[in-house]
Amino acid sequence: MPKPSIWFLRSALIHLALGFTFGGLLLWNKGIPIHPLMWRLLPAHMEFLLVGWTVQLALGVAYWILPRFYTQRGDVRPVWLAFALINCGVWLAGMGATLAAPGWVILAGRLCEAGAAGAFAVNAWPRVKPMAQEASHLR
Amino acid sequence: MPFLTRLFVKTALVYFIAALLAGLLVAARPVLALPSIVAALTPVYFHLLMVGWVTQLILGVAHWMFPKFSREEPRGHDWLTWTIFILLNGGLLLRVFAEPIRTVNTDPLWGWLLALSALLQWLAAMAFVANVWPRVRGH
Ligand code: HEM
């Protein structure tokens with residue numbers, strides 16, 4: 001497994017653990033009320049699990065398994081940028097909303113997430129191609 | 001495909017169908033004047049989809065495809081993967097019943113069952129992260 005995938009997947013696992021912890025607290029609080037403030041965890045729960053876990057896992061696996069150029073996976077710099085942006089984005093948008101931060105914090109988070117998508121696509125786009133074997137068959 | 005992966009993936013497929021049927025019921029409620037308990041199925045619908053289908057499918061495929069844990073136990077500890085399967089599905093099934101029933105039945109038992117559901121799903125996530133973490137590495 002290449003290094004960027006290891007980082008994406010480990011970060012995805014951390015977000016799974018945190019997202020389920022927030023979800024568990026929300027659900028417990030729904031059944032046996034602990035404190036009304038618990039509901040503030042909902043935006044972080046949603047962002048951590050939808051983007052931090054599911055989307056990030058898809059990025060890590062895609063970078064690992066998409067077709068390569070001989071042995072290379074293309075320019076790795078936009079992939080590291082996507083890693084940094086998606087994680088900043090999840091924390092700004094998710095924790096920002098949970099901690100009632102000003103709207104621009106959540107906006108900045110969403111901007112980071114959109115940037116992560118763009119940066120990731122720069123690497124992935126040319127890799128969405130037939131495998132070498134299939135390509136020679138098509139010729 | 002190992003037995004545990006087949007179990008996770010087939011269970012995920014059942015939840016996929018169940019989730020979309022729950023979504024159908026929620027959408028049909030105002031049109032067919034269905035009872036109010038059906039509206040309480042909204043979070044159930046969403047979590048059947050994201051926990052029962054998406055997350056469970058990921059767990060099953062990760063068990064199969066991630067780099068080997070060791071020569072003796074290539075897929076990590078099978079007993080732990082069984083425990084994860086039971087905790088996740090036990091927890092989710094409890095939620096499916098307790099969350100809507102709570103809205104029409106004031107018996108505190110349903111609240112406690114919801115809290116138990118939260119605990120089981122949280123334990124499943126922690127056990128999965130612990131089991132798969134050492135497998136997220138270079139070959
Ligand atoms: C990948 C997994 C998950 C995802 C993507 C996810 C996402 C979401 C989203 C988007 C909502 C808001 C739904 C809405 O407003 O209608 C939500 C609500 C909620 N989630 Fe999750 N969730 C996940 C797992 C869990 C787990 C494991 C638990 C509990 C152990 C949990 C507990 C809750 C609770 C209690 C709510 C509030 C429900 C309500 O409005 O009454 N979630 N989740």
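Reply: Buried area is the accessible area, for a 1.4 Å probe, that two parts lose on being put together, summed over both. This is a predicted model, in which local features need pLDDT of at least 70 and side-chain atom pairs count only at pLDDT 80 or more, while totals for chains, interfaces and linings use all residues. Residues are numbered from 1 along each chain as its sequence is written, chains are lettered from A and ligands numbered from 1 in the order in which they are written, and side-chain values use heavy atoms, with hydrogens and water left out.

Me: What is the area buried between chain B and chain A?
Reply: The contact, meaning heavy atoms within 4.5 Å, takes 22 residues from chain A and 36 residues from chain B. On the side of chain B, I58(B), W133(B) and V136(B) lose the most area to chain A, together 22% of what that side buries. Carbon and sulfur atoms give 78% of the buried area, which comes to about 2,500 Å².

Me: Which radius of gyration does chain A have?
Reply: The radius is taken over C-alpha atoms, and the globule rule is 2.2 Å times the number of residues to the power 0.38. The C-alpha atoms of chain A fill a box of roughly 65 × 30 × 25 Å along the principal axes. For a compact globule of 139 residues the radius of gyration would be near 14 Å, but that of chain A is 18 Å.

Me: How many helices does chain A have?
Reply: Helices (H or I, at least four residues) and strands (E, at least two) are DSSP runs, numbered from the N terminus. From the N terminus on, the elements of chain A run α-α-α-α-α. With 0 strands, chain A has a helix count of 5.

Me: Is Q121(B) buried or exposed?
Reply: Q121(B) lies in helix α4 of chain B, residues 108-132. Leaving aside neighbours within four places in sequence, its contacts include F20(A) and L27(A) from chain A, as well as V51(B), L87(B) and R95(B). Buried means under 20% relative accessible area, exposed over 50% and partly exposed in between, with a 1.4 Å probe and protein chains only. Because its relative accessibility is 8%, Q121(B) counts as buried.

Me: Why does G90(B) count as partly exposed?
Reply: G90(B) is found in helix α3 of chain B, residues 78-102. The C-alpha atoms of G90(B) and A124(B), 34 residues apart along the chain, are separated by 9.8 Å. G90(B) counts as partly exposed because its relative accessibility is 27%.
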